[in-house]
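Dear colleague,

Please find the structure below, as a handover for your own work.

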Amino acid sequence: MIGRLFHLTLDAALVSTVLAGVRRSSGFTVETEKISDPTMRSVADKYLGFGETIFDMVQGTAVNSDYFKRDTRR
């Protein structure tokens with residue numbers, strides 16, 4: 001039971017991080033304003049904000065790592 005809960009939590013974090021990457025690379029984002037319930041809108045905003053935080057941490061790690069380099073074709 002705990003393993004399944006951990007797996008679902010990790011999956012949710014990964015989806016949120018991917019959505020943050022999509023927003024950063026393309027500008028497209030989830031329209032949380034269309035969620036009518038203020039509580040659910042707040043939960044969605046916090047969920048997406050969590051993905052932004054994870055994305056920032058991964059990006060910072062990549063920038064400071066010797067294993068990654070900037071693609072000069074852009």
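**Pockets and salt bridges**

Helix H1 gives the most to the lining of the second largest pocket, with 5 residues; helices here are DSSP runs of H or I with at least four residues, numbered from the N terminus. Please note that this is a predicted model, in which local features need pLDDT of at least 70 and side-chain atom pairs count only at pLDDT 80 or more, while totals for chains, interfaces and linings use all residues. Residues are numbered from 1 along each chain as its sequence is written, and side-chain values use heavy atoms, with hydrogens and water left out.

The second largest pocket has a volume of about 150 Å³. A pocket is an open set of points on a 1 Å grid over the protein atoms alone, where a 1.4 Å probe fits, with protein on both sides within 12 Å along at least five of seven lines; lining residues have an atom within 4 Å of a point. The grid points are joined across faces, edges and corners, and the volume is the space filled by probe spheres set on them. H1 and H2 each supply at least two residues of this lining. Among the lining residues of the second largest pocket are Ser16, Leu19, Arg23, Phe28, Asp45 and Glu52. By class, the lining divides into 6 nonpolar, 2 polar and 3 charged residues, where Ala, Val, Leu, Ile, Met, Phe, Trp, Tyr, Cys and Pro count as nonpolar, Asp, Glu, Lys and Arg as charged, and the others, Gly among them, as polar.

Ser16, one of these lining residues, is found in helix H1. Ser16 is buried, at a relative accessible area of 1%; buried means under 20%, exposed over 50% and partly exposed in between, with a 1.4 Å probe and protein chains only. A polar atom of the Ser16 side chain lies 2.6 Å from the backbone oxygen of Tyr47. Not counting residues up to four places away in sequence, Ser16 touches Tyr47, Leu48, Phe50 and Gly51, contact meaning heavy atoms within 4.5 Å.

The largest pocket holds about 450 Å³ of space. Its lining has 13 residues, and Gln59, Ala62, Val63, Lys69 and Arg70 lie nearest the centre. H2 provides the largest share of this lining, 5 residues. The lining of the largest pocket comprises 5 nonpolar, 3 polar and 5 charged residues.

Turning to the charged pairs, there are 5 salt bridges, each being a side-chain nitrogen of Lys or Arg within 4 Å of a carboxyl oxygen of Asp or Glu. One of them joins the side chains of Glu52 and Arg24, at 2.8 Å from N to O. Glu52 lies in helix H2 (residues 38-63) and Arg24 in helix H1 (residues 2-26), so the pair ties together parts that are 28 residues apart in sequence. Glu52 is buried, with a relative accessible area of 15%, whereas Arg24 is partly exposed at 36%.

A further salt bridge pairs Arg73 with Asp71, with the closest N and O atoms 3.1 Å apart. Arg73 is exposed at 74%, and Asp71 is partly exposed at 40%. Elsewhere, salt bridges that share partners join Arg23, Arg24, Glu52 and Asp56 into one network.

Lys34 and Glu31 also form a salt bridge, their closest N and O atoms being 3.8 Å apart. Lys34 is exposed at 65%, and Glu31 is partly exposed at 45%.

With kind regards

Conventions
Polar contact = N/O pair within 3.5 Å; in protein donor to acceptor, adjacent residues only side chain to side chain.
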